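Please read the sequence and the model shown here together. The paragraphs that follow begin with the ligand and then turn to single residues.

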Amino acid sequence: MTARTIAIASGKGGVGKTTVCANVSIALAQMGKKITLLDADLAMANLGITLGMEDTPVTLHEVLSGDANIEDAIYEGPAGLRFVPSGLSLDAFLRVDVEKLKPIVSTLLQDTDMLLIDAPGGLGKNVLGAMISAAELLIVTMPDPSALADALKTKLVGKRLNMEILGVVLNMVRGDKAEVTSEEVSVLLDSPILQSIPYDDNVKRGSVEGKPVLLRNPDSPASKAFKKLAAILAGEEIKEEEKQGFFKKIFGR
Ligand SMILES: Nc1ncnc2c1ncn2[C@@H]1O[C@H](COP(=O)(O)OP(=O)(O)O)[C@@H](O)[C@H]1O
Ligand SMILES: [Mg+2]
(Lines give C-alpha, C1' and ligand atoms only; values in the text may rest on other atoms or scores of the structure.)
(Ligands and ions follow the chains in the order given, each with its own letter.)
Protein backbone atom coordinates (compact mmCIF):
# COMPACT_ATOMS: atom_id res chain seq x y z
CA MET A 1 0.00 0.00 0.00
CA THR A 2 1.30 3.44 -0.87
CA ALA A 3 1.63 5.95 1.93
CA ARG A 4 -0.68 8.92 2.09
CA THR A 5 0.61 12.49 2.02
CA ILE A 6 -1.53 15.20 3.56
CA ALA A 7 -0.66 18.90 3.45
CA ILE A 8 -2.24 21.03 6.15
CA ALA A 9 -2.76 24.58 4.95
CA SER A 10 -4.97 27.59 5.68
CA GLY A 11 -3.88 30.73 3.91
CA LYS A 12 -4.20 32.83 7.04
CA GLY A 13 -1.59 32.43 9.77
CA GLY A 14 -2.40 31.74 13.40
CA VAL A 15 -5.52 29.66 12.78
CA GLY A 16 -3.99 26.49 14.25
CA LYS A 17 -2.34 24.55 11.41
CA THR A 18 0.67 23.60 13.49
CA THR A 19 -1.47 22.75 16.51
CA VAL A 20 -3.76 20.52 14.43
CA CYS A 21 -0.79 18.92 12.70
CA ALA A 22 0.99 18.08 15.96
CA ASN A 23 -2.00 16.77 17.89
CA VAL A 24 -3.60 14.80 15.09
CA SER A 25 -0.26 13.19 14.28
CA ILE A 26 0.19 12.12 17.90
CA ALA A 27 -3.36 10.72 17.97
CA LEU A 28 -2.72 8.76 14.76
CA ALA A 29 0.57 7.44 16.14
CA GLN A 30 -1.24 6.38 19.33
CA MET A 31 -3.64 4.42 17.11
CA GLY A 32 -0.64 2.42 15.90
CA LYS A 33 -0.08 4.18 12.58
CA LYS A 34 3.41 4.91 11.30
CA ILE A 35 3.33 8.67 11.09
CA THR A 36 5.87 11.11 9.70
CA LEU A 37 5.45 14.76 10.46
CA LEU A 38 7.26 17.32 8.31
CA ASP A 39 7.60 20.98 9.21
CA ALA A 40 7.45 22.75 5.85
CA ASP A 41 7.02 26.20 7.41
CA LEU A 42 10.57 27.01 6.42
CA ALA A 43 10.54 30.68 7.41
CA MET A 44 8.59 30.46 10.68
CA ALA A 45 9.25 26.91 11.83
CA ASN A 46 7.49 26.22 15.11
CA LEU A 47 6.31 22.63 15.00
CA GLY A 48 9.39 21.75 17.06
CA ILE A 49 8.41 24.29 19.70
CA THR A 50 4.82 22.98 19.69
CA LEU A 51 6.05 19.40 20.18
CA GLY A 52 8.62 20.44 22.79
CA MET A 53 11.36 19.15 20.46
CA GLU A 54 13.76 22.01 19.88
CA ASP A 55 17.01 20.11 20.26
CA THR A 56 17.30 19.07 16.62
CA PRO A 57 20.76 20.01 15.30
CA VAL A 58 20.13 18.84 11.71
CA THR A 59 16.89 20.08 10.09
CA LEU A 60 15.10 20.23 6.77
CA HIS A 61 17.00 23.48 6.11
CA GLU A 62 20.33 21.67 5.93
CA VAL A 63 18.74 18.97 3.76
CA LEU A 64 17.17 21.48 1.35
CA SER A 65 20.40 23.45 1.08
CA GLY A 66 22.31 20.28 0.26
CA ASP A 67 24.36 20.18 3.48
CA ALA A 68 22.81 17.02 5.01
CA ASN A 69 20.92 13.86 4.15
CA ILE A 70 17.27 13.50 5.07
CA GLU A 71 18.08 10.46 7.24
CA ASP A 72 19.99 12.79 9.59
CA ALA A 73 17.00 15.12 10.02
CA ILE A 74 14.52 12.51 11.29
CA TYR A 75 13.82 12.49 15.04
CA GLU A 76 11.62 10.27 17.16
CA GLY A 77 8.70 12.19 18.66
CA PRO A 78 5.70 11.45 20.91
CA ALA A 79 4.06 8.02 20.51
CA GLY A 80 6.95 6.99 18.22
CA LEU A 81 6.08 9.33 15.37
CA ARG A 82 8.90 10.47 13.10
CA PHE A 83 9.49 14.20 13.06
CA VAL A 84 11.41 16.22 10.48
CA PRO A 85 11.87 19.76 11.85
CA SER A 86 12.66 22.96 10.03
CA GLY A 87 15.42 25.15 11.43
CA LEU A 88 15.26 28.45 13.19
CA SER A 89 18.36 29.92 11.56
CA LEU A 90 17.67 32.75 9.12
CA ASP A 91 20.95 32.18 7.25
CA ALA A 92 20.12 28.54 6.58
CA PHE A 93 16.59 29.54 5.53
CA LEU A 94 17.96 31.92 2.90
CA ARG A 95 19.97 29.06 1.33
CA VAL A 96 17.02 26.67 1.11
CA ASP A 97 15.83 25.29 -2.24
CA VAL A 98 12.15 24.37 -1.83
CA GLU A 99 12.12 22.50 -5.14
CA LYS A 100 14.06 19.72 -3.43
CA LEU A 101 11.10 19.07 -1.11
CA LYS A 102 9.18 16.70 -3.38
CA PRO A 103 12.00 14.16 -3.85
CA ILE A 104 12.65 14.32 -0.09
CA VAL A 105 9.01 13.50 0.60
CA SER A 106 9.27 10.48 -1.73
CA THR A 107 12.18 9.19 0.36
CA LEU A 108 10.25 9.71 3.61
CA LEU A 109 7.26 7.75 2.30
CA GLN A 110 9.23 4.53 2.19
CA ASP A 111 8.78 3.80 5.87
CA THR A 112 5.47 5.39 6.79
CA ASP A 113 1.68 5.00 6.56
CA MET A 114 0.88 8.69 6.51
CA LEU A 115 3.00 11.79 6.05
CA LEU A 116 1.58 15.06 7.34
CA ILE A 117 3.06 18.32 6.09
CA ASP A 118 2.66 21.49 8.16
CA ALA A 119 2.50 24.22 5.51
CA PRO A 120 3.28 27.90 6.02
CA GLY A 121 0.63 30.63 5.86
CA GLY A 122 0.01 32.64 2.70
CA LEU A 123 0.16 31.26 -0.82
CA GLY A 124 3.80 31.93 -1.68
CA LYS A 125 6.46 29.67 -3.14
CA ASN A 126 7.00 27.70 0.04
CA VAL A 127 3.30 26.91 0.47
CA LEU A 128 3.11 25.74 -3.13
CA GLY A 129 6.24 23.62 -2.53
CA ALA A 130 4.48 21.95 0.39
CA MET A 131 1.21 21.48 -1.52
CA ILE A 132 2.91 20.08 -4.63
CA SER A 133 4.61 17.49 -2.41
CA ALA A 134 1.29 16.12 -1.12
CA ALA A 135 -1.64 14.32 -2.74
CA GLU A 136 -4.27 15.37 -0.21
CA LEU A 137 -5.18 18.73 1.31
CA LEU A 138 -6.63 19.36 4.75
CA ILE A 139 -7.76 22.94 5.24
CA VAL A 140 -7.65 24.49 8.70
CA THR A 141 -9.65 27.61 9.34
CA MET A 142 -11.42 29.62 12.01
CA PRO A 143 -15.01 30.83 12.06
CA ASP A 144 -14.20 34.38 10.97
CA PRO A 145 -14.61 35.98 7.54
CA SER A 146 -10.98 36.81 6.76
CA ALA A 147 -9.79 33.31 7.67
CA LEU A 148 -12.54 31.87 5.49
CA ALA A 149 -11.64 34.01 2.47
CA ASP A 150 -8.04 32.78 2.72
CA ALA A 151 -9.17 29.17 3.22
CA LEU A 152 -11.23 29.39 0.03
CA LYS A 153 -8.22 30.60 -1.98
CA THR A 154 -6.13 27.79 -0.54
CA LYS A 155 -8.74 25.25 -1.53
CA LEU A 156 -8.95 26.60 -5.10
CA VAL A 157 -5.17 26.37 -5.43
CA GLY A 158 -5.33 22.80 -4.13
CA LYS A 159 -7.90 21.97 -6.80
CA ARG A 160 -5.74 23.46 -9.53
CA LEU A 161 -2.89 21.29 -8.31
CA ASN A 162 -5.23 18.28 -8.61
CA MET A 163 -5.04 17.58 -4.89
CA GLU A 164 -7.74 15.59 -3.19
CA ILE A 165 -9.53 18.05 -0.90
CA LEU A 166 -10.24 16.06 2.26
CA GLY A 167 -12.26 18.82 3.90
CA VAL A 168 -12.08 21.47 6.56
CA VAL A 169 -11.05 21.55 10.20
CA LEU A 170 -12.86 24.39 11.90
CA ASN A 171 -10.62 25.40 14.78
CA MET A 172 -11.02 27.64 17.85
CA VAL A 173 -14.80 27.41 17.78
CA ARG A 174 -16.26 29.30 20.73
CA GLY A 175 -19.89 28.66 19.89
CA ASP A 176 -21.00 32.26 20.37
CA LYS A 177 -23.77 33.77 18.27
CA ALA A 178 -21.55 36.20 16.36
CA GLU A 179 -19.53 33.35 14.90
CA VAL A 180 -19.97 31.99 11.37
CA THR A 181 -21.68 28.62 11.82
CA SER A 182 -20.19 25.33 10.72
CA GLU A 183 -22.99 24.92 8.12
CA GLU A 184 -22.19 28.34 6.68
CA VAL A 185 -18.48 27.46 6.52
CA SER A 186 -19.26 24.23 4.72
CA VAL A 187 -21.41 26.03 2.12
CA LEU A 188 -18.92 28.86 1.69
CA LEU A 189 -15.98 26.54 1.14
CA ASP A 190 -18.08 23.92 -0.65
CA SER A 191 -16.34 21.25 1.44
CA PRO A 192 -17.31 19.01 4.33
CA ILE A 193 -16.36 20.06 7.85
CA LEU A 194 -14.43 17.01 8.99
CA GLN A 195 -14.21 18.22 12.57
CA SER A 196 -14.81 21.28 14.71
CA ILE A 197 -12.20 21.89 17.40
CA PRO A 198 -13.34 24.03 20.32
CA TYR A 199 -11.33 26.95 21.62
CA ASP A 200 -9.63 25.37 24.64
CA ASP A 201 -7.39 27.16 27.16
CA ASN A 202 -5.48 23.92 27.66
CA VAL A 203 -4.18 24.22 24.08
CA LYS A 204 -2.76 27.64 24.86
CA ARG A 205 -1.27 26.55 28.19
CA GLY A 206 0.22 23.53 26.46
CA SER A 207 1.83 25.70 23.81
CA VAL A 208 3.43 27.86 26.50
CA GLU A 209 4.88 24.73 28.12
CA GLY A 210 5.86 23.07 24.81
CA LYS A 211 3.48 20.20 25.48
CA PRO A 212 0.80 19.24 22.94
CA VAL A 213 -2.65 19.29 24.56
CA LEU A 214 -3.23 15.67 23.60
CA LEU A 215 -0.41 14.65 25.96
CA ARG A 216 -0.96 17.35 28.56
CA ASN A 217 -4.76 17.01 28.90
CA PRO A 218 -5.88 13.92 26.98
CA ASP A 219 -9.51 14.32 28.08
CA SER A 220 -9.92 18.03 27.45
CA PRO A 221 -12.46 19.10 24.79
CA ALA A 222 -9.84 19.93 22.13
CA SER A 223 -8.02 16.60 22.70
CA LYS A 224 -11.23 14.65 22.22
CA ALA A 225 -11.86 16.51 18.97
CA PHE A 226 -8.29 15.83 17.76
CA LYS A 227 -8.78 12.10 18.43
CA LYS A 228 -12.03 12.11 16.45
CA LEU A 229 -10.32 13.89 13.58
CA ALA A 230 -7.50 11.31 13.64
CA ALA A 231 -10.06 8.48 13.43
CA ILE A 232 -11.74 10.19 10.46
CA LEU A 233 -8.42 10.68 8.67
CA ALA A 234 -7.48 7.06 9.28
CA GLY A 235 -10.81 5.96 7.83
CA GLU A 236 -11.91 4.26 11.08
CA GLU A 237 -15.40 5.77 10.71
CA ILE A 238 -15.76 4.15 7.31
CA LYS A 239 -14.58 0.86 8.73
CA GLU A 240 -17.24 1.11 11.42
CA GLU A 241 -19.93 1.64 8.77
CA GLU A 242 -18.60 -1.27 6.77
CA LYS A 243 -18.74 -3.39 9.90
CA GLN A 244 -22.36 -2.41 10.47
CA GLY A 245 -23.15 -3.21 6.84
CA PHE A 246 -21.53 -6.60 7.31
CA PHE A 247 -23.54 -7.41 10.43
CA LYS A 248 -26.73 -6.22 8.75
CA LYS A 249 -26.04 -8.61 5.92
CA ILE A 250 -25.45 -11.53 8.30
CA PHE A 251 -28.19 -10.87 10.87
CA GLY A 252 -30.59 -8.72 8.86
CA ARG A 253 -31.93 -11.61 6.82
N1 LIG B 1 -8.29 25.02 19.67
C2 LIG B 1 -7.49 25.96 20.20
N3 LIG B 1 -7.81 26.55 21.39
C4 LIG B 1 -7.02 27.51 21.92
N5 LIG B 1 -5.88 27.95 21.36
C6 LIG B 1 -5.51 27.40 20.18
C7 LIG B 1 -6.27 26.39 19.54
N8 LIG B 1 -5.65 26.03 18.38
C9 LIG B 1 -4.53 26.79 18.31
N10 LIG B 1 -4.44 27.61 19.37
C11 LIG B 1 -3.36 28.61 19.66
O12 LIG B 1 -3.34 29.55 18.61
C13 LIG B 1 -2.01 29.96 18.31
C14 LIG B 1 -1.71 29.75 16.83
O15 LIG B 1 -1.71 28.37 16.55
P16 LIG B 1 -0.75 27.71 15.48
O17 LIG B 1 -1.04 26.25 15.46
O18 LIG B 1 0.66 28.11 15.69
O19 LIG B 1 -1.30 28.39 14.13
P20 LIG B 1 -0.68 28.38 12.64
O21 LIG B 1 0.21 27.21 12.51
O22 LIG B 1 -1.89 28.28 11.74
O23 LIG B 1 0.01 29.68 12.47
C24 LIG B 1 -1.12 29.16 19.23
O25 LIG B 1 -0.80 29.96 20.36
C26 LIG B 1 -1.98 27.98 19.65
O27 LIG B 1 -1.65 27.50 20.94
MG1 LIG C 1 2.22 27.11 11.94
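The shell around ligand 1 holds 6 nonpolar, 7 polar and 3 charged residues. In this count Ala, Val, Leu, Ile, Met, Phe, Trp, Tyr, Cys and Pro are nonpolar, Asp, Glu, Lys and Arg are charged, and the others, Gly among them, are polar. The structure is a predicted model, in which local features need pLDDT of at least 70 and side-chain atom pairs count only at pLDDT 80 or more, while totals for chains, interfaces and linings use all residues. Residues are numbered from 1 along each chain as its sequence is written, chains are lettered from A and ligands numbered from 1 in the order in which they are written, and side-chain values use heavy atoms, with hydrogens and water left out.

Of the 16 residues around ligand 1, those that come nearest are Gly14, Lys17, Thr18, Thr19 and Asp200; a residue is near a molecule or strand if one of its heavy atoms lies within 4 Å of it. Four elements each supply at least two residues of this shell: helix 1 (17-30), strand 7 (164-173), strand 8 (193-198) and helix 9 (201-209). Helices (H or I, at least four residues) and strands (E, at least two) are DSSP runs, numbered from the N terminus.

Which polar side-chain atom lies 2.6 Å from an oxygen atom of ligand 1? That atom belongs to threonine 19. A polar side-chain atom of lysine 204 is 3.3 Å from an oxygen atom of the ligand, and a polar backbone atom of aspartate 200 is 2.9 Å from a nitrogen atom of ligand 1. A polar contact is a pair of N or O atoms within 3.5 Å; within protein, one must be able to donate a hydrogen and the other to accept it, and residues adjacent in sequence count only if both atoms are side-chain atoms. On its own, ligand 1 has 560 Å² of accessible area, and the protein covers 85% of this. Accessible areas come from the Shrake-Rupley method with a 1.4 Å probe; for residues, only the protein chains shown count as cover.

The space that ligand 1 takes is the largest pocket. On a 1 Å grid over the protein atoms alone, a pocket is an open set of points with protein on both sides within 12 Å along at least five of seven lines. A molecule sits in a pocket if more than half of its atoms lie within 2 Å of its grid points.

Just after helix 9, glycine 210 takes a positive phi of about 70°.

Most residues other than glycine have a negative phi. Alanine 79, not a glycine, has a positive phi of about 60°. Alanine 79 is in the loop between strand 3 (75-76) and strand 4 (82-84). It is partly exposed because its relative accessible area is 45%; buried means under 20%, exposed over 50%, and partly exposed in between (1.4 Å probe, protein chains only). Aspartate 190 is not a glycine either and has a positive phi of about 50°. Its place is the loop between helix 8 (182-189) and strand 8, and it counts as exposed because its relative accessibility is 61%.

Several other residues are buried. Alanine 27 is in helix 1 and counts as buried because its relative accessibility is 3%. Its C-alpha atom is 15 Å from that of glutamate 76, 49 residues away along the chain. Threonine 5, in strand 1 (residues 4-9), is buried at 6% relative accessibility. Tyrosine 75 lies in strand 3 and is buried, with a relative accessible area of 16%.

The side chain of serine 223 reaches the backbone oxygen of valine 213 at 3.2 Å.

Definitions and conventions
On a 1 Å grid over the protein atoms alone, a cavity is a set of points where a 1.4 Å probe fits but cannot get out, and a pocket is an open set with protein on both sides within 12 Å along at least five of seven lines; lining residues have an atom within 4 Å of a point.
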